[in-house]
Amino acid sequence: MTETRFFDLSVKNLQANFSHIYLEKDAVGYELTDLLLDKYPNSKVIEIGHYKDIFNRKGQDFQSQKSSMNLILAKKKEPFLYPASDMVQEFKTPHTYYNTPILNCLYNCEYCFLQGMYPSGNIVIFVNENDLMNSIKIKLKKLNLSLGPMIVSISYNTDLMAMERIIPMASRWIEFCKEQDNLKIEIRTKSALFSSIKNIRSSKNIILSWTISPEIICNKYESTAPPLNSRVDSIKKAMDAGWPVRLCFDPVILVDDWYKIYTQFFEQIFEVLDHQKLHDITLGVFRMNKDYFNNVRKRETRSDLYYLDYVNEDSTITIKKEKREKALACLKDEISKYIPKEKILVWI
Amino acid sequence: MQCILSALKVESEPLIDHYRLSRDHSFSFPFFIRDDLCLIGVGVGKHNIKNRILSFISKFRSETIQFINIGIAGGNRETSEKGQIYLINQIIDNETGRSFYPDILIKHDLPEHSITTTERVILDGGRDYRNLVDMESSEIFDVCSKNTSIHKIAILKIVSDYLDLDTAKLTKDRVRYFISSNLEAIDSFLSKFRSLENLDKPILSKEDYIWIDSISNQLSLTKTQYQQLLHFSKGFRVRDSKSNYPSLYVDPPESKYDRNKIFRSLCEELTS
């Protein structure tokens with residue numbers, strides 16, 4: 001069963017996901033293209049000139065499209081690699097980058113920046129993965145790696161592991177990374193699909209990062225992602241198999257009673273997971289680029305998150321500094337009961 | 001509200017009869033309506049489409065509108081079947097080379113096809129066209145998509161000829177027949193398409209807007225304050241879809257200071 005079972009189909013009569021596949025002319029003939037076309041033989045395939053002809057159309061409704069997502073297969077043009085965003089905790093670590101093998105996500109979390117970043121709810125898959133991989137090899141040769149390894153987040157604008165049963169890109173990237181010296185990749189996910197890579201031998205060069213939240217937050221703001229217990233089950237299996245695992249308590253949503261909710265949540269999580277074995281933990285509150293935030297608002301979002309009181313700090317919309325610093329300090333203290341403080345990366 | 005757009009009078013007639021639409025003479029062009037279904041005769045070719053659609057939109061501005069273009073088209077003998085209705089998934093404008101792509105979110109039973117919009121009638125057997133061919137789709141899609149979300153636009157075409165000399169001989173009765181014989185499919189599609197309206201319900205109802213406007217008038221709000229009130233009202237409605245907005249029993253403020261004080265307190269109440 002795929003992870004799409006978690007979607008809330010509130011409107012009857014909608015097409016199943018991927019009823020239409022838009023195929024860029026330049027993407028024809030790639031192995032990943034053939035894999036996907038074989039996987040969805042009943043999809044209507046429409047040839048297009050450039051992926052932006054579909055993805056960047058005017059008049060799209062992101063949320064409506066998320067109820068019936070289509071696939072766009074395209075060939076990525078340069079740049080293949082981007083410097084890390086200042087929204088991530090590690091952005092000050094030397095040689096930290098991200099790339100975009102896929103644009104958009106199977107899930108539709110209410111706090112996610114993708115809904116403000118992209119005009120479309122459809123998913124773009126770049127089928128020329130070798131070009132993306134080669135760009136990393138070239139960069140590795142140019143960097144001064146005495147400062148530390150090159151770190152690439154390959155799941156920044158998507159959830160690669162959630163897509164693994166649709167297209168096995170996460171496993172291909174893992175195999176690629178294993179062959180490179182001085183390269184670490186981070187695969188961030190909310191998936192419960194560790195089983196899809198369970199036969200791959202673990203590697204210290206690949207960090208599997210799971211975003212998890214208290215059940216009440218999952219139900220309210222992450223309703224299209226797998227439930228908390230399924231995610232935790234996957235995390236446990238990954239840790240047992242020797243994978244470096246990062247837990248992302250990010251974003252922390254400061255709902256009523258947040259302190260009690262998160263404290264109990266940490267207790268619950270560290271009762272099940274062996275905190276000694278964790279690679280590290282990231283912690284941060286809700287934040288979003290101002291333009292993305294305004295885009296979401298313009299689209300008449302029904303999420304209450306976008307009607308709260310925030311501040312604009314250097315074009316980042318977030319919780320007021322005093323409130324977030326206090327909250328994050330409290331939560332860091334709580335987490336440090338289980339894991340050393342230096343392993344807790346906080347976005348302040 | 002659903003708005004059918006058709007080019008020829010003989011295409012419109014079976015639809016008007018089937019849906020028992022009545023002529024509304026307040027428009028200077030053919031316009032027929034019954035409850036929340038209407039039909040605009042847009043004429044043949046591109047030239048009248050924009051004016052007629054915009055004129056309609058300006059009168060029904062407060063409605064959520066779905067546009068459905070229904071009409072006949074020429075087809076390629078090898079890729080289409082005469083009398084068959086198709087849902088269009090790609091529109092190519094022959095003159096500009098631009099392509100348009102409707103968002104087909106609704107589950108449907110119709111075969112899909114692409115269409116090319118030309119500015120002249122094609123009678124050479126359509127050797128250059130693998131797609132269907134018509135004279136309006138690209139302009140209809142272009143105009144509608146500038147005024148509504150693209151998933152609210154659908155184009156249904158029935159193949160009436162194979163772009164040969166028979167096209168010139170197409171009788172009015174034959175066109176009526178092509179539309180009439182597909183009414184069941186059209187009916188079924190419109191009904192499914194309408195269910196998409198559930199995705200498009202605005203946060204604020206007409207009653208909500210009446211309350212917002214009355215507060216704005218009562219307090220003589222500035223444009224910025226009006227936008228803030230709109231935003232906080234949406235937040236209130238997102239959190240609570242049923243409760244009434246707070247009542248405001250105050251005399252009209254005597255100064256800007258008073259107005260701002262009342263406004264701040266109202267905003268606090270809406271966000272609490």
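Let me start with a definition: surface patches are built from residues with over 30% relative accessible area and no salt bridge, joining like charges within 9 Å and nonpolar side chains (Val, Leu, Ile, Met, Phe, Trp, Tyr) within 5 Å. Areas come from Shrake-Rupley with a 1.4 Å probe, and for residues only the protein chains shown count as cover. A salt bridge puts a side-chain nitrogen of Lys or Arg within 4 Å of a carboxyl oxygen of Asp or Glu.

Housekeeping next. This is a predicted model: local features need pLDDT of at least 70, side-chain atom pairs need 80 or more, and totals for chains, interfaces and linings use all residues. Residues are numbered from 1 along each chain as written, chains are lettered from A in written order, and side-chain values use heavy atoms, without hydrogens or water.

Now the patch. V121(B), L123(B) and L165(B) make a nonpolar one of about 280 Å². V121(B) sits in the loop between β8 (112-117) and β9 (132-134) of chain B. It counts as partly exposed because its relative accessibility is 48%, and that class runs between buried, under 20%, and exposed, over 50%.

On to the interface. 31 residues of chain A contact 29 of chain B, meaning heavy atoms within 4.5 Å. About 2,600 Å² is buried between the chains, 53% of it from carbon and sulfur atoms. That is accessible area (1.4 Å probe) lost on being put together, summed over both parts.

There are 2 salt bridges between chain A and chain B. R57(A) pairs with D103(B) in a salt bridge, closest N and O atoms 3.0 Å apart.

Notes:
Helices (H or I, at least four residues) and strands (E, at least two) are DSSP runs, numbered from the N terminus. Buried means under 20% relative accessible area, exposed over 50%, partly exposed in between (1.4 Å probe, protein chains only). Buried area is the accessible area (1.4 Å probe) that two parts lose on being put together, summed over both.
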